[in-house]
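This briefing goes through the pockets, the ring contacts and a few individual residues of one protein model. Please keep the sequence and the structure in view while reading.

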Amino acid sequence: MKNVWIFLIGLGFVFSFINGKPETAANVLFFDLQQSVELIVKLIPVMAFWTGLMSIVEKSGILNKLAVLIKPAIKFLFKEVENNTKAVNAIIMTIAANILGIGNSATAFGLKAMHEMQLVNKDKSTANNAMCMFLIINVSSIQLIPLNVIKLRADAGAGTPGDILLPTMIATSFSTAVAIIFAKYFERKGVR
């Protein structure tokens, strides 16, 4: 991946010189990088708060109680790991973070979930159905409250930054439902 980024940056420099606008590359390097850092600094408090809250939920035992409540859904979606408490808890934490629209915070939980699922995977060289389903749900990323987007819209001066709630909920619910249907279809056919 590092080589791809180096190639793309180099290509940008080449094209800026070919077009006779080398100042474009300098502007990107200095001005746009500064804006990127400012954006990250603005998102850190939101991510830190929700990551901390998720950690409290995990350590307080609430997560285990939640796992019992949604056991039928877990059993349907993740058959191979339904009895692995660590994997189920990590899956729930990841999905919860994605539902709240804080996908960056979900990364650590997602890695933990994949690690736990790999431990019970019979064929270590191939992802099992639970791992594929988990990845599909994360990629389709159902979001009920897209906190990061609302924060970005508020910072950009949107009058009502939360007016994206309903469209986001509809679009991501639809994409997740379609993803699960296709995953279950291919799971029944025995295709990975």
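Helices here are DSSP runs of H or I with at least four residues, numbered from the N terminus, and in that numbering phenylalanine 78 is found in the loop between α4 and α5. The model is a predicted one.

**The largest pocket**

- The largest pocket has a volume of about 240 Å³, and among the 13 residues that line this pocket, Ile70, Ala73, Ile74, Leu77 and Ile95 are the closest to its centre.
- Two or more lining residues of the largest pocket are given by each of the elements α4 (71–77), α5 (85–99) and α9 (165–189).
- Divided by class, the lining of the largest pocket has 12 nonpolar residues and one polar residue, with no charged residues.

**The second largest pocket**

- The second largest pocket has a volume of about 150 Å³, and its lining is made up of Leu8, Ile9, Gly12, Phe13, Thr24, Ala25, Val28, Leu29 and Leu33.
- Helices α1 (2–18) and α2 (22–60) each supply at least two residues of this lining, and the largest share, five residues, comes from α2.
- In terms of class, the lining of the second largest pocket divides into seven nonpolar and two polar residues, with no charged residues.

**Aromatic rings**

- The structure holds one aromatic pair, which is formed by tyrosine 185 and phenylalanine 186 in an edge-to-face arrangement, at 5.1 Å centre to centre and with 75° between the planes.
- Tyrosine 185 has a relative accessible area of 45% and is therefore partly exposed, and phenylalanine 186, at 36% relative accessibility, also counts as partly exposed.
- The charged end of lysine 184 sits over the ring of phenylalanine 76, at 4.6 Å from the centre of that ring.

**Phenylalanine 78**

- With a relative accessible area of 1%, phenylalanine 78 is buried, because buried means under 20%.
- Once residues up to four places away in sequence are not counted, phenylalanine 78 touches Ile91, Ile95, Ala130, Met133, Phe134 and Ile137; one of these, Ile95, is also named among the residues closest to the centre of the largest pocket.
- Phenylalanine 78 and valine 88 lie 10 residues apart in sequence, and their C-alpha atoms are 8.5 Å apart in space.

**Asparagine 89**

- Asparagine 89 has its place in helix α5, and its relative accessible area of 11% makes this residue buried.
- When its neighbours within four places in sequence are left aside, asparagine 89 is in contact with Leu63, Asn64 and Ala67.

**Serine 16**

- Serine 16 lies in helix α1 and, at 8% relative accessibility, counts as buried.
- Apart from its neighbours within four places in sequence, serine 16 is in contact with Lys21, Pro22 and Ala25, and Ala25 is one of the residues that line the second largest pocket.

Notes
Residues are numbered from 1 along each chain as its sequence is written. This is a predicted model: local features need pLDDT of at least 70, side-chain atom pairs count only at pLDDT 80 or more; totals for chains, interfaces and linings use all residues. Side-chain values use heavy atoms; hydrogens and water are left out. On a 1 Å grid over the protein atoms alone, a cavity is a set of points where a 1.4 Å probe fits but cannot get out, and a pocket is an open set with protein on both sides within 12 Å along at least five of seven lines; lining residues have an atom within 4 Å of a point. Grid points are joined across faces, edges and corners, and a volume is the space filled by probe spheres set on the points. Ala, Val, Leu, Ile, Met, Phe, Trp, Tyr, Cys and Pro count as nonpolar, Asp, Glu, Lys and Arg as charged, and the others, Gly among them, as polar. Buried means under 20% relative accessible area, exposed over 50%, partly exposed in between (1.4 Å probe, protein chains only). Contact means heavy atoms within 4.5 Å. Rings of Phe, Tyr and Trp (its six-membered ring) pair if their centres lie within 6.5 Å; planes under 30 degrees apart count as stacked, over 60 as edge-to-face and the rest as tilted. A charge sits over a ring if NZ of Lys or CZ of Arg is within 6 Å of the ring centre and within 35 degrees of the ring normal.
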